[in-house]
Amino acid sequence: QNTINQIAAGEVVERPASVVKELMENAIDAGATAITAEIREGGIGFIRITDNGCGIKREELPLAFLRHSTSKIRSAEDLLTVSSLGFRGEALSSIAAVSQVELITKTGDSLTGCRYQIEGGQEKSLEEVGAPDGTTFISRNLFFNTPARRKFLKTAATEGAHVADLVEKIALSHPEISIRLIVNNQNKLHTSGNHNLKDIIYTIYGREITAELLPVSVETEMFQVSGFIGKPSIARGNRNFENYFINGRYIKSGLIAKAIEDGYKSYMMQHKYPFTMLHFTVEPEYIDVNVHPSKMELRFKDGEFLYKTVCQMIQGALSGRE
Ligand code: ADP
Ligand code: MG
């Protein structure tokens, strides 16, 4: 059982940033309006995610960590065949399999909270404690029991940079949630949760970028998009500044990238890429989601229409400038 959990964990938990991603997504799913991510030693030594979401009921606590661990996966071979189905219900068990986990949680309708400890998949304790509503999840010493995996980690600085990138993306995808990042006891990021995307861009990218943005928005029956695009003057030599989110998720899409880049085509030098921060809200019936272990693939029904609309929206904003 432990070995199987460790193998499964390898698919979900590659590095500290993957732990932070899963835990912050859980916090978002729990309806949190404020989430704090704190790391030390690049997250290898210490990760703490605190949210003010719905909490986990005491009787559901051990289940949350065990779910799917036996029912779905019976052998390492099985694991390969089910992996393409995604990892629903596998994050907590995976993180607990490869680190030392401490969780403090309280639901709104309970008087006391619970503290639960599980290390390398072994339950250590479950006790009542006083706690605010919400959940605090701590993961210590990632891969402490799988030295081979630990060897693949980069330096604390590099792993920490991956965590920071990820937390920034999450902050940008959810302007309605106040997000804070603390690295080695220092505040690195704090968004207000006041729904203002431009404030978050300012916080992360600074004044020069923020001064060169054009607002865009379009609404169609199939989707709605709004956000900001950068003037060609702040173009980059790589695609790192091409950001777009679909229904609150940071994703990559060849179709959207092409729509953006073609929209800029006559305004931009070759091999330059724009700054964009676009939030798409798409009706689920227009998207096919294919979740893979390592990536999320999206296909749009009537992608042609989406392409054209986005391309024209960008051309319109750029041609109207100054
Ligand atoms: P999944 O998110 O796919 O359901 P996870 O392993 O990530 O699987 O989480 C298992 C379950 O634990 C969730 O379905 C949820 O019920 C509960 N849970 C996890 N994190 C939180 C949290 N921060 N707040 C409330 N409930 C949580
Ligand atoms: Mg989850």
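The model is predicted, and local features are given where pLDDT is at least 70, side-chain atom pairs count only at pLDDT 80 or more, and totals for chains, interfaces and linings use all residues. Residues are numbered from 1 along each chain as its sequence is written, while chains are lettered from A and ligands numbered from 1 in the order in which they are written.

**Overall make-up**

The protein chain holds 11 helices and 15 strands, where helices (H or I, at least four residues) and strands (E, at least two) are DSSP runs numbered from the N terminus. Of its 322 residues, 35% are buried; a residue is called buried if 20 or more other C-beta atoms lie within 10 Å of its own, exposed if 12 or fewer, and partly exposed in between, with C-beta atoms placed from the backbone. Among contacts with a separation of 6 or more, 68% join residues 24 or more positions apart, a contact being two residues whose C-beta atoms, placed from the backbone, lie within 7 Å.

**Around ligand 1**

There are 17 residues around ligand 1, and Asn-26, Ala-30, Ala-64, Ala-91 and Leu-92 come nearest; a residue is near a molecule or strand if its C-beta atom, placed from the backbone, lies within 6 Å of it. By class the shell has 7 nonpolar, 5 polar and 5 charged residues, where Ala, Val, Leu, Ile, Met, Phe, Trp, Tyr, Cys and Pro count as nonpolar, Asp, Glu, Lys and Arg as charged, and the others, Gly among them, as polar. H5 is itself mostly covered, with 8 of its 8 residues buried, including Ala-91 and Leu-92.

**Helices**

Helix H10 (residues 254–264) packs against helix H11 (residues 303–319) at an angle of about 35 degrees, and their axes are 8 Å apart; axes are lines fitted to C-alpha atoms, for helices over the stretch in contact, and angles run from 0 to 180 degrees between N-to-C directions. The residues that meet include Leu-255, Ile-256 and Ala-259 in H10 and Leu-306, Val-310 and Ile-314 in H11. In this contact of H10 with H11, 11 residues are nonpolar, 3 polar and 2 charged.

Among the buried residues of H7 are Val-163, Leu-166 and Ile-170.

**Single residues**

| Residue | Other C-beta atoms within 10 Å | Class |
|---|---|---|
| Thr-210 | 18 | partly exposed |
| Asn-187 | 10 | exposed |
| Glu-41 | 19 | partly exposed |
| Asn-141 | 16 | partly exposed |

Thr-210 lies in helix H9 (residues 207–211) and, leaving aside residues up to four places away in sequence, touches Lys-198, Ile-201, Tyr-202 and Tyr-205. Asn-187 belongs to strand S8 (residues 186–190), and its C-alpha atom is separated by 9.0 Å from that of Glu-38, 149 residues apart along the chain.

Most residues other than glycine have a negative phi. Glu-41, however, has a positive phi near 50 degrees and sits in the loop between strand S1 (34–40) and strand S2 (46–51). Asn-141 also has a positive phi near 50 degrees, and is found in the loop between strand S6 (134–140) and helix H6 (147–151).
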